Amino acid sequence: MALEQAPAERGLFITFEGIDGAGKSSHIDGLAHALRAAGRTVVVTREPGGTPLAEKLRTLLLHDAMDPLTEALLIFAGRRDHLRCVIEPALARGEVVLCDRFTDATFAYQGAGRGFDTVALLDLERMAQTGLGPQPSPMRNPDLTLWFDLPPAVAAQRLAGARVPDRFEAQPVAFFARVAQGYADRAAVAPQRFARLDAAQPREAVWAQLADVLVQRGWLVPAAGAPA
Ligand SMILES: Nc1ncnc2c1ncn2[C@@H]1O[C@H](COP(=O)(O)OP(=O)(O)O)[C@@H](O)[C@H]1O
Ligand SMILES: Cc1cn([C@H]2C[C@H](O)[C@@H](COP(=O)(O)OP(=O)(O)O)O2)c(=O)[nH]c1=O
């Protein structure tokens, strides 16, 4: 779908979520390109990571064994640094932040996947995502979460042979079934924020769904002659 300039200029925080292999990374650059073509300044970033400190934590998280609380604390420590150093400043400048995974991944992987206490995660979420600027402000949450929903067996097939698995990707399909349910649970409590994409469709069809979500929100408009 071809897209052209949209009027909105406030900062936008858009996250990409789904189990490993769901197809998130395949579409982030495409959306960045479409938004830039529409006149927006776009920051593409990821979690765990996104700052020098948080990237160091990412390396530890993806490769070193640790207990569940340590894992959760490192994830939120990196997230706060990422929010303070990258995400909040970009949003304050009116830019679009596209982030490959954010807090929903923590509820899905550490909470549903590993069975870590969800109430503790809610506390950590509140602590890490508030008090980020000089003025009191509500907890920072994404404006939109693009949820790439794909059956775990299909994701496993797509990933087989595609790349060397990290500590999370090496988990069995049953783990990803719990993670997928974790995403579904998060989506159920924030239906306005979540947009579910049927990620089992071919790449072009997934992109068409994604672009349509942005068009429906008024953040992109279809170019003249392009399908609405
Ligand atoms: N819609 C699709 N249909 C088939 N294969 C896909 C599709 N989207 C992505 N892939 C492939 O699946 C694998 C995982 O995609 P990727 O975008 O890296 O997923 P993620 O970032 O969610 O882990 C890659 O080999 C990619 O080329
Ligand atoms: C953000 C986040 C990621 N993860 C996991 C999910 C992924 O398996 C892994 C790395 O995420 P990701 O960057 O999506 O990996 P890749 O680019 O290799 O697909 O970290 C968590 O367990 N909790 C979190 O809060």
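**View 1. Ligand 2 in the largest pocket.** Ligand 2 takes up the space of the largest pocket of this predicted model. Here a pocket is an open set of points on a 1 Å grid over the protein atoms alone, where a 1.4 Å probe fits, with protein on both sides within 12 Å along at least five of seven lines. A molecule sits in a pocket if more than half of its atoms lie within 2 Å of its grid points. Local features need pLDDT of at least 70 and side-chain atom pairs count only at pLDDT 80 or more, while totals for chains, interfaces and linings use all residues. Residues are numbered from 1 along each chain, ligands are numbered from 1 in the order written, and side-chain values use heavy atoms, without hydrogens and water.

**View 2. The shell around ligand 2.** The shell holds 16 residues, and Asp20, Arg101, Thr106, Gln110 and Phe168 come nearest. A residue counts as near if one of its heavy atoms lies within 4 Å. By class, 6 are nonpolar, 2 polar and 8 charged. Asp, Glu, Lys and Arg count as charged, and Gly is among the polar residues. Helix α4 makes the largest contribution, 4 residues. Helices are DSSP runs (H or I) of at least four residues, numbered from the N terminus.

View 3. A polar contact is a pair of N or O atoms within 3.5 Å. The side chain of Thr106 places an N or O atom 2.6 Å from an oxygen atom of ligand 2. For the side chain of Asp20, the distance to a ligand 2 oxygen is 2.9 Å. Gln110 has a polar side-chain atom 2.8 Å from a nitrogen atom of ligand 2. On its own, ligand 2 has 550 Å² of accessible area, and the protein covers 93% of this (Shrake-Rupley method, 1.4 Å probe).

**View 4. Lining of the largest pocket.** The lining has 38 residues; Asp20, Lys24, Arg101, Arg163 and Glu169 lie nearest the centre. Lining residues have an atom within 4 Å of a point. The classes are 16 nonpolar, 9 polar and 13 charged. Helix α4 gives the most, 4 residues.

**View 5. The second largest pocket.** Its volume is about 200 Å³. Of its 15 lining residues, Ala155, Ala156, Leu159, Glu169 and Phe176 are closest to the centre. Helices α6 and α7 (173–189) each give two or more residues, and α6 gives the most, with 4. The lining divides into 10 nonpolar, 2 polar and 3 charged residues.

Methods:
A polar contact is a pair of N or O atoms within 3.5 Å; within protein, one must be able to donate a hydrogen and the other to accept it, and residues adjacent in sequence count only if both atoms are side-chain atoms. Grid points are joined across faces, edges and corners, and a volume is the space filled by probe spheres set on the points.
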